[in-house]
Amino acid sequence: MSETLEKVAVQTEESRTQTRRAFIKGGLAVAGTVMFTKAAEAAYDPKSAVKAYAGKKEITDVLTDGPQRRMLGKGIMSSTYSMPSVYEKEVRKRTLEWLTPDTLATISMTPIQSMHGMIVPNGLHFDRFHGGAPDIDPATHKLVIHGLVERPLMFTMDDLKRMPSVTRIHFLECPANGALEWKGIQVNSVQWTHGMMSCSEWTGVPLSVLLKEAGVKPEGKWLLPEGADASGLVRSIPMEIALDDCMVAYAMNGEALRPGQGYPIRLVVPGCEGNMWVKYLRRIKVTDKPLHHREESSKYSELMPDGTIQRFSWVQETNSVITYPSPDYKMSGPGRYVAKGIAWSGRGRITHVDVSLDGGRNWKEAKFTSVALPKAWTRFEFEFDWDGSEMLLMSRATDETGYVQPPMAQLRNAVGTNGVYHRTAMVTWLIHDWKGNRAGEIENVQF
Amino acid sequence: MSSSNKTLLSLAIATALLSLSGCNDDNKSSTGASSAPTAGKSTAAAPSKSMEDIIIDVYGGYGRGDEKHRYLDAELNAGKFGTFKDRRDPNHPYSSEVDDKIDGGNKGNSACKVPKAFNTVWENAERNLNAEQHFYGYGTPIAEAAMKKWDINVYPDGEGLPAKGVGMTIAEGEKMYLTYCAMCHGEFAEGAKGYLPLVGGSLDMAAADPTEPNKFRTLGNYWPYLTSFYDYIVRAMPFFAPVNESIGEAGYLGITGFIAFAEGLTYDGGKNLQEDTFFDSEMLMKVSKEMPNADKFFCDDRPTTHTVRCMTNCDDSVVGDGKGNTKNFQRALIGPDGKPQYNVLQREDGADVAAGVGKGDH
């Protein structure tokens, strides 16, 4: 941001001087004209548009109509729930069969390389199953809040929807995102390197309101939310995180949760491990101690090089990735490129994204092309000129806590390669020489 | 009346605190925003604050030396890093370690906490808890006793376990295991057909060389409490029919005993379990006190890395391979055709096996 700040400061200084000069020259009316002329001169020369296309062959064949121009399309009710265009078949969730022996306890990945904006559509949200996705009837589903509360309560779906609600945009990420590549390169798409993640708009009841409704007691220090599905998954959530910004969500991106995302309700724990966002939520027990469930001991804990094991690693740390150009794409010759990507942090807002073209020696600040909301995807773009020679493309995010995304070598030195979870280091795309036999290919490499 | 006054007052104090520490907070951004137009309006006189200062006031001054952190307390943040050892001290701001041991101090059975450095989490929680609340009365009261079947939590201190005397011998437990578990986890719980092994991992999990393959994580080396194992298998196993009444509490205890036996776990200071050992909740707790790697677990103390946001001519330690070499990168294995070999399906093939959208079940 320091560079941006400087730019802003300089511009303000300039325009202030201009305005003052205009005033001195002859009053307000003139000031307007002067400023307009000045701006037009500096800003736009239509003739420049021709230059960029010099040497490209002009199309002279007369364009003819396609068949769609001469016949009618489908009727208004041909689909009561719209599906993507038939030409979008490649944009789909994918899984890796070798990850687990069972399709009921595994994960699918979001095609991050094809996503635009801050929101992943519901149909493309990655899924993590621990016992398949059940179909739960909202008419019979219940949520019970009990344990260290003055008045244990049961809520129906109708009850929950009558309560006050809140709507917020947050990313949801499996802490195993990136885990395939602790020991080197295995995969060749952002879908595989970062696809255990999505970003959605969530709507639900603030958890603090529900807990207070039940009369949460001061000795209640932990929350044990549990699902109604075959895995009966539980996590232990400290009261501070629960009261901060959690919610019991019934909607994502404007409609009911999808069955793979916990229909009819799930816990939303912004910025924290996806595993904590318990789906099919049926019960929240308030306790004075954590459960140490399997998902906070045998799994979702990180083995360190010295054989010690880190547990309760709730927060998803600052991270970023360039989605274009990335291994799914090819360069189309030397020239100007607009690199696009996403950055996110479980601790709050993203404040900077920097891009390096030389393996991390020098960096330039990218610009944000979306709002930077706390614990949400932030979109960035960065323009560069490619001269056709080999290039290393990397991005590095910084969040409002001042935490800077580490290079892979640094993370590996600190935590080894056996942790499985929380590999949030930078990734590197190698752009092949335009003259070589892999001209323009973009390869996933690792420092 | 007085309560809303109190709320207002505490909000004012909170706002003051927040602007001091420069925290990220909704109330605060409106305070911050109001200062910008004021500065803008005073066109005649030279603005008392530069645009830059205003932006720093509102957004915090990252990368400018005078760090004002909006999320972390600046003072705590200043001391945020340090060695692993430092951070495992409960008093370190980044430590989530706590002193109170929930099972009387046995084997680091600690609860963990949100690190002090995450000050906005603590402040928001406090504010939300004390914010005025209307009680809606939309829920239905339910007796704790009505939760008997749902509440199957078993905690490391033994709360939630079946009564003493419910159980079976380890030999009987083995029969149960063979009936309900072996088809997936293998006859000796060694893992089969890609399903997880439950026993046989080495106790020394250290890996000096980062290229060493991951070690198997099994009951003995990666579960700090046997209670967690029991809790999990009742809750979620056998995979196709969990909370299984034909296994029952005695059966689940027997299976736990058999797997503990197969893994060579001990009780009462190193005694071995035997085929004819009667395995009930009392025995389970004895074994749980001697889980070999329980004291290896520590509470999350990240961040583990400290990188500065360097812009030009960065230090070798953060460039390329960490020694400044940008040519020294790893690639996928190169196949005979000279192309990299990836552990993924090709796009075209992928279409049919991919989960979800392709199958038309949006």
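At 13% relative accessibility, Thr308(A) counts as buried, where buried means under 20% relative accessible area, exposed over 50%, and partly exposed in between (1.4 Å probe, protein chains only). The model is predicted, so local features need pLDDT of at least 70 and side-chain atom pairs count only at pLDDT 80 or more, while totals for chains, interfaces and linings use all residues. Residues are numbered from 1 along each chain as its sequence is written, chains are lettered from A and ligands numbered from 1 in the order in which they are written, and side-chain values use heavy atoms, with hydrogens and water left out.

Thr308(A) lies in the loop between strand 11 (302-303) and strand 12 (309-311) of chain A. Strands (E, at least two residues) and helices (H or I, at least four) are DSSP runs, numbered from the N terminus. The side chain of Thr308(A) makes a polar contact of 2.6 Å with the side chain of Asp306(A). A polar contact is a pair of N or O atoms within 3.5 Å; within protein, one must be able to donate a hydrogen and the other to accept it, and residues adjacent in sequence count only if both atoms are side-chain atoms.

Why is strand 7 of chain A described as largely enclosed by the rest of the structure? In strand 7 (residues 247-252), 6 of the 6 residues are buried, so it is largely enclosed. Two strands pair if DSSP finds at least two bridges between them. Strand 4 (residues 197-206) of chain A runs antiparallel to strand 7 and is joined to it by 5 bridges; here Pro206(A) has Met247(A) as its bridge partner. Strand 9 (residues 266-268) of chain A also pairs with strand 7 in the antiparallel sense, over 3 bridges, with Val248(A) opposite Leu267(A). With strand 8 of chain A, strand 7 forms a hairpin that has 2 residues between the strands, and Asn253(A) in the turn has a positive phi of about 50 degrees.

Next comes the interface. Contact (heavy atoms within 4.5 Å) takes in 144 residues from chain A and 134 residues from chain B. Strand 2 (residues 153-156) of chain A pairs with strand 1 of chain B in the antiparallel sense over 2 bridges, and Met154(A) stands opposite Thr140(B). The rule finds 10 salt bridges across the interface, a salt bridge being a side-chain nitrogen of Lys or Arg within 4 Å of a carboxyl oxygen of Asp or Glu. One of them joins Lys289(A) and Asp157(B) (2.6 Å, N to O).
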